[in-house]
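We will go from stop to stop, and at each one you get something to select and something to look for.

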Amino acid sequence: QYFQRRRRRIALSQSQTSELESRPIELRSDDVLNGIVGLIGNTPLVRIPSLSDALHVEILAKAEFLNPGGSVKDRVAVRMIDDAERQGFLHPHTGSRIFEGTSGSTGISLAMVAHARGYDATIITPDDMAAEKLHALRSLGADVEQVRPASIVDKKQFVNIAKQRALAFSSASSESVVSALGDSIAVLTDSDARGFFADQFENKSNYDAHFDGTGPEVWRQTNGNVKAFVSGAGTGGTIAGVGRFLKSMEEDVVICLADPEGSGLYNKVKHGVMFDHREKEGTKRRHQVDTVVEGIGINRLTQNIDLALPIIDDAVRVTDSEAVAMARYLVKHDGLFVGSSSACNLVACVRLVKKMGWHSGERIVTVLCDSGARHYSKFWNDEYLRTAEIPIDLGLIEDMLASK
Ligand code: PMP
């Protein structure tokens, strides 16, 4: 049928026709995805040739930068909105609005998915956020409110402000009545506009997106042949969800945390106490992880980190210089342009393989959370790195690969 239609439209020579017939195109009706949300997830698992060849193992990475919003967070955004709808809290096209406090990719993913699903989004960010992320949020039509960076215990911290704004939005758009106790309470009907505080740190939908999505994808793509899963933790959703799924299929899979400088998680895993190693050196306690590696590392416990901690077997500390060097190494040897947390994950893969003495084709899976394009102003800015006194030294990676 296909060939007949082609022949009617364009006159093909006999030889061209037989060439076409020798390459039949299989027609499938399910190759059409519904809207931008249909493009989320089911990312390829890609082998990293340079590192795999040098180590004689298979370093495999989920190409999450291929999600339409450019990061692994698309999965979480759609799941948080789906779950809120399933629980009857959100109803599309009612003027409802999603609120989130984030300096990372979650805001971009939420802004994108919100519009696709009939909502608006307000994203509260610290005012030192990378310019390209701010640009992306605004281009996606989010309302952006920038506030001074503050500790999470401060009412004016961006996550706390997002929550306050969501509450205020819900009660302002509904009929407020006075309860028997004299409190003003909001009575909402299904057609009322609601303010939904997405709350990726505490929201279990974040974990579920990975337990039900990313984890099973890894299992299928490796035929269940996985030695280890390596990941950083920002909210903890990825490592908790994928880690718990893989352990539920095969309890011997090693789950390894990749932790950047400035994060307290490494010490929590290794010594049971959450502290940033620099605190010991006299620096004051940091609630905000201050590193050139963005999106991972944390200094407080959250619901999703709590889900992750019991299943983490090992942790690797990754320095800023190592992450910077790894990202340049990958561009040079593989043409792979990744963001800072992806580079950090790959450094941790190399360290883990060396430490365990794996050398005969074992499969280590990790995540390429986003692309380098999200990081031009800091991690991929040589001028910024010079000012921050972070060297660009590929020798760090060469030595790491060559070490015993
Ligand atoms: N990489 C990037 C670029 C991120 O934005 C995030 C999320 N903050 C992560 C990694 C970490 O993922 P998770 O929140 O699931 O721990």
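**Before you click**

This is a predicted model, in which local features need pLDDT of at least 70 and side-chain atom pairs count only at pLDDT 80 or more, while totals for chains, interfaces and linings use all residues. Residues are numbered from 1 along each chain as its sequence is written.

**Stop 1: the whole chain**

Show the protein chain as a cartoon: it has 16 helices and 12 strands. Both are DSSP runs numbered from the N terminus, with helices being H or I of at least four residues and strands E of at least two. Buried residues make up 46% of the 404 residues. Here a residue is buried if 20 or more other C-beta atoms lie within 10 Å of its own, exposed if 12 or fewer, and partly exposed in between, with C-beta atoms placed from the backbone. Among contacts between residues at least 6 apart in sequence, 72% join residues at least 24 apart; a contact means that the two C-beta atoms, placed from the backbone, lie within 7 Å.

**Stop 2**

Strands count as paired if DSSP finds at least two bridges between them; strand 3 and strand 4 have five, in the parallel sense. To see one of these, pick Ile 98 and its bridge partner in strand 4, Ala 121.

**Stop 2**

How many of the 12 residues of helix 5 are buried? The count is 10, and Ser 105, Leu 110 and Ala 114 are among them. These buried residues pack against helix 4 (73-86), strand 3 (97-101), strand 4 (120-126) and helix 6 (131-139). At 1.5 Å a residue, helix 5 should span 16 Å, and its end C-alpha atoms are 17 Å apart, which agrees; the expected span is 1.5 Å times one less than the number of residues. Just after the helix, check Gly 118, which takes a positive phi of about 90°.

**Stop 3: helix 4**

Move on to helix 4, where 10 of the 14 residues are buried. Its buried residues include Lys 73, Asp 74, Arg 75 and Arg 79. They pack against strand 3, helix 5, strand 8, helix 8 (204-221) and helix 9 (237-249). Gly 88 follows helix 4, with a positive phi near 80°.

**Stop 5**

Zoom in on strand 10 (residues 254-260), where seven of seven residues are buried. Val 254, Cys 256, Ala 258 and Pro 260 point one way, and Ile 255, Leu 257 and Asp 259 the other. Strand 9 (residues 228-231) pairs with strand 10 in the parallel sense over four bridges, and Ser 231 stands opposite Leu 257.

**Stop 4: two loop residues**

Which is buried and which is exposed, Asp 199 or Glu 389? Asp 199, in the loop between strand 8 and helix 8, is buried, with 20 other C-beta atoms within 10 Å. Its phi is near 55°, a positive value in a residue other than glycine. Glu 389, between helix 15 (382-387) and helix 16 (395-402), counts as exposed with 8 C-beta neighbours inside 10 Å. Glu 389 has a positive phi of about 60°.

**Stop 5: the ligand**

Finish at the ligand and show the 17 residues around it; Gly 234, Thr 238, Gly 295, Ser 341 and Cys 369 come nearest. A residue is near a molecule if its C-beta atom, placed from the backbone, lies within 6 Å of it. The shell has three nonpolar, 12 polar and two charged residues, where Ala, Val, Leu, Ile, Met, Phe, Trp, Tyr, Cys and Pro count as nonpolar, Asp, Glu, Lys and Arg as charged, and the others, Gly among them, as polar.
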